[in-house]
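Here is a short briefing for a first look at this structure. Keep the sequence and the model side by side as you read.

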Amino acid sequence: MKIRWRYGIAFPLILAVALGSLSAWLGRISEVEIEEVRLNPDEPQYTMDGIDGRTFDTQGYLKEHLGAKGAKQYPESSDIYFDSPRLKFYRNGALLYEVGSGGAVYHTGNKQVSFQKNVVLAQTPEGGRQPGTVETDELHVDTESQYARTDAPVRFRYGASYGRADGMEYDRRTGLLNFPSKVKATIYDTKNR
């Protein structure tokens, strides 16, 4: 009986140690080690080609249309960089104005766009307003307030009038184009024509 008693206790102890070892080994091999890799801040994290985005108002009319050759976003940045963007704004489906350039940066935090390289802002004739264009090398547009400004030299045309200035501010809602510096212009009075 003594021999049976030893084997009776030894078997459950050996089984418990073996199962404990097996469970520890399985737990160890099933652990996933996550290694965080820091991305190069000089290389884009995301790139897109051939962009065509549209937003609509509550009545279903086209409100904004953004087209671009491409875009990219860098790690640890919420800004989006566009290649050859064209941004169009509409009201009740009718084109109000558009901005195009060689490049742009959209700041997602404040919904502002900084256009660079051969910027053209064009206003369509509407509500008694003449068609107008402004050409410059850089332009900052607040998409929410529909306000644009630059400190760079500008060339402008409004109806038959045209000129040059250093910097400008444009408020789309009021239709006012303000030149804070010296202006050289030829102005035609459209009321007397």
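**Strand pairing**

In this predicted model, strand β2 (residues 62-73) pairs with strand β4 (residues 86-91) in the antiparallel sense, over 4 bridges.

- Opposite Lys-88 in β4 stands His-65.
- β4 is also joined to strand β5 (residues 94-100), by 6 bridges. β4 and β5 run antiparallel.
- Arg-86 has Gly-100 in β5 as its bridge partner.
- β4 and β5 form a hairpin, with 2 residues between them. In the turn, Asn-92 has a positive phi of about 55°.

**The largest nonpolar core**

- The largest nonpolar core holds 25 residues. Phe-82, Val-99, Phe-115, Leu-121, Leu-139 and Met-168 touch the most other members.
- At least two residues of this core come from each of β2, β3 (79-83), β4, β5, β7 (112-123), β8 (132-142), β9 (147-158) and β10 (161-171).
- β7 gives the most to this core, with 4 residues.
- Beyond its neighbours within four places in sequence, Phe-82 is in contact with residues including Ile-51, Leu-66, Ala-68, Ala-104 and Tyr-106. Gly-70, Ala-71, Gly-102 and Gly-103 are also among the contacts of Phe-82.

- In soluble globular proteins, nonpolar side chains tend to be buried together.
- Leu-15, Leu-19, Leu-22, Trp-25, Leu-26 and Ile-29 make a nonpolar surface patch of about 600 Å².
- Leu-15 lies in helix α1 (residues 2-29).
- Is Leu-15 buried or partly exposed? Leu-15 counts as partly exposed because its relative accessibility is 41%.

Conventions: Residues are numbered from 1 along each chain as its sequence is written. This is a predicted model: local features need pLDDT of at least 70, side-chain atom pairs count only at pLDDT 80 or more; totals for chains, interfaces and linings use all residues. Side-chain values use heavy atoms; hydrogens and water are left out. Two strands pair if DSSP finds at least two bridges between them. A nonpolar core is a set of buried Ala, Val, Leu, Ile, Met, Phe, Trp, Tyr and Cys residues joined through side-chain atoms within 4.5 Å. Buried means under 20% relative accessible area, exposed over 50%, partly exposed in between (1.4 Å probe, protein chains only). Contact means heavy atoms within 4.5 Å. Patches are made of residues with over 30% relative accessible area and no salt bridge: like charges are joined within 9 Å, nonpolar side chains (Val, Leu, Ile, Met, Phe, Trp, Tyr) within 5 Å. Accessible areas come from the Shrake-Rupley method with a 1.4 Å probe; for residues, only the protein chains shown count as cover. A salt bridge is a side-chain nitrogen of Lys or Arg within 4 Å of a carboxyl oxygen of Asp or Glu.
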